[in-house]
Amino acid sequence: MKNKTKSPAASGRCVCQGAGPVLTELLARLAPPAEARRHFETARLEFLKGLRAVLDARIERRSKPKARGQAISIE
């Protein structure tokens with residue numbers, strides 16, 4: 001017995017019932033302007049560079065051998 005119901009794609013209707021373009025428009029209106037996006041991108045890159053500097057300093061500090069003492073000549 002075959003199922004006679006059509007899928008939404010076969011009938012030409014979208015699963016989202018037409019809400020896709022509306023949601024796209026809403027997200028476009030909520031997005032910050034291009035200038036603000038550039039500032040956010042720059043801030044994100046600067047934050048990552050700062051994090052990298054902190055990690056490099058910690059790695060450098062952990063990589064140095066610890067001083068064990070001082071050699072003393074005995075007469």
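Predicted model: local features only at pLDDT ≥ 70, side-chain atom pairs only at ≥ 80, totals over all residues.
Where do E25 and R29 lie, and how many residues apart are they?

View 1. Residues are numbered from 1 along each chain as its sequence is written, and side-chain values use heavy atoms, with hydrogens and water left out. E25 and R29 both lie in helix α1, four residues apart, which is about one turn of the helix; helices are DSSP runs of H or I with at least four residues, numbered from the N terminus. They form a salt bridge with the closest N and O atoms 2.8 Å apart, a salt bridge being a side-chain nitrogen of Lys or Arg within 4 Å of a carboxyl oxygen of Asp or Glu.

View 2. None of the 12 residues of α1 is buried, so the helix lies largely in the open; buried means under 20% relative accessible area, exposed over 50%, and partly exposed in between, with a 1.4 Å probe and protein chains only. R29 is exposed at 65%, whereas E25 is partly exposed at 41%.

View 3. R44 and E41 meet in a salt bridge at 2.9 Å, N to O, and they stand three residues apart in helix α2. E46 and K49 are also three residues apart in α2, and their salt bridge has its closest N and O atoms 3.8 Å apart.

Definitions and conventions. Helix = DSSP H or I, 4+ residues; strand = E, 2+ residues; numbered from the N terminus.
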